[in-house]
Amino acid sequence: MIKRIDYRKLLSKNLKNFEYYQSGASLPDTIKKFGLEIKDIIKIDANENVFIEPSWMQEQIKKCLQKINLARYPDPLYIETRKSLAKYFGLDYNEIIVGNGSDDVFMTIFHTVIDNQSEILVAEPTFSMYKFFTDILGAKYSYVLLNDDFTIDVEKLLSKVSKNTKLMIVASPNNPTGNTFQTDKIKYLIENFNGIFILDEAYAAYSNISLIDWIHKYNNLIIIRTFSKSLGLAGLRVGIMALNKELADILRPIQIPYSLNIVAQYLVPQLLKEKEYFLKKIEEVKKEREWLFSELTKIKELKVYPSKTNFILARVLKDGLNAKIVCEELIKSGIIIRDRSKVPLLSNCIRITVGTRKINLILLKQLKRILGD
Ligand SMILES: Cc1ncc(COP(=O)(O)O)c(C=O)c1O
């Protein structure tokens, strides 16, 4: 007989408000559901940098693999990796923590600071993983809404701070709205909040604004960066936080050991020497973003929002259609974008990662067909 226990009774009480996070689409799942072939799929739902040639990255990895013994653990302190990042960002290596994607470094902050009495404060709509981290630890997720034009009301946000608010998180540029927030507003928030202020700069390479050196002015500031959105390593998982050394020394021991894998540990310093290549690719994305934006605005059934990232948010205006239907119709022709219509303020909104010109032409053709333009 099979032994059976009721494990639901064992689940953490913290999970009572837990909502599943829906990441980008699973390719095998989509292929099966829609009867597609991998070669016909255009995946522009997760804001990866599709301009980086896979063959270029494979060459980089090949060079790097020669130095690596996969049977060994990575350096537990990632010293050479942190030194290369510190040099790149103009910081000291003691001011850098690395991890398995920025989600991982976020989780280290949460594990160190948050318990089930704590509150996290954000302005919605924003990156949905902040709620995931909060819910998983049974903490309280507090938020105010952005203004209708996606600007931030700093007084409204600060008025929500309670004695339990430990973290305030702002992404600039913001996902999924695509805009940046004014630097003086971010400054005001950091200066007037007596908890840890996290500024998520996942898309900073596309906006040309970074406040990373402010960690020298404010010891309550943590800047988060990722290699997923502009540097072509979403699949390898590399995330970074930059912060005051004293706080870094508190957070580092809380991290799960070896959270940056050994390939990433060696590849990051090597890639940082290829700055020219990445700057060129980032410029190509930005140029294409502007072209795609202007083409999308010609579709009168869409309201398109300006972007400082590598994705574009648009609202479906056509009667009888909605974001969900548009996404489903696009998938039938192999194009995967993101339905964001359940997010506060974003009814009927879709989010599209900037593709190459070839990708964008296919997308535009299908969008016009679906929207009857
Ligand atoms: C604002 C923001 N921060 C962080 C991330 C996660 O990045 P990573 O791949 O490093 O976990 C994303 C990914 O969509 C994002 O949009």
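Predicted model: local features only at pLDDT ≥ 70, side-chain atom pairs only at ≥ 80, totals over all residues.
The largest pocket has a volume of about 1200 Å³. Its lining consists of 34 residues, and those nearest the centre of the pocket are Gln 22, Arg 338, Asp 339, Arg 340 and Lys 342. Five elements each contribute two or more residues to this lining: the helices H1 (27-34), H5 (129-136) and H12 (323-332), together with the strands S4 (140-145) and S12 (338-339). Sorted by class, the lining of the largest pocket contains 14 nonpolar, seven polar and 13 charged residues. Domain 1 (24-47 + 276-371) and domain 2 (64-273) are both represented, each with at least three residues in the lining of this pocket.

The second largest pocket has a volume of about 550 Å³. It is lined by 31 residues, of which Tyr 21, Ala 46, Asp 103, Phe 127 and Lys 229 are the closest to its centre. At least two lining residues come from helix H4 (102-113), and at least two come from helix H5. The lining of the second largest pocket comprises eleven nonpolar, ten polar and ten charged residues. This pocket lies between domain 1 (24-47 + 276-371) and domain 2 (64-273), because both domains give residues to its lining.

The ligand is surrounded by 13 residues, and the closest of these are Ser 102, Asn 175, Asp 200, Thr 226 and Ser 228. For Ser 228, the distance from a polar side-chain atom to a ligand oxygen atom is 2.6 Å. A polar atom in the side chain of Asn 175 is 2.7 Å from an oxygen atom of the ligand. In Tyr 203, an N or O atom of the side chain likewise lies 2.7 Å from a ligand oxygen atom. On its own, the ligand has 400 Å² of accessible area, and the protein covers 93% of this area.

Across the whole structure, the search finds three cavities of 30 Å³ or more. The largest cavity holds about 70 Å³ of space. Its lining is formed by Ser 172, Pro 173, Thr 180, Phe 181, Thr 183, Ile 186, Leu 199, Glu 201, Ser 207, Ile 209, Ser 210 and Leu 211. By class, six of the residues lining the largest cavity are nonpolar, five are polar and one is charged.

Technical notes
Residues numbered from 1 in each chain as written. Heavy atoms only, no water. 1 Å grid on protein atoms, 1.4 Å probe; cavity = no way out; pocket = protein on both sides within 12 Å on 5 of 7 lines; lining within 4 Å. Points joined across faces, edges and corners; volume = space filled by probe spheres on them. Helix = DSSP H or I, 4+ residues; strand = E, 2+ residues; numbered from the N terminus. Nonpolar A, V, L, I, M, F, W, Y, C, P; charged D, E, K, R; others polar. Domains from an automatic or database assignment. Near = heavy atom within 4 Å. Polar contact = N/O pair within 3.5 Å; in protein donor to acceptor, adjacent residues only side chain to side chain. Areas by Shrake-Rupley, 256 points an atom, 1.4 Å probe, with all protein chains shown as cover.
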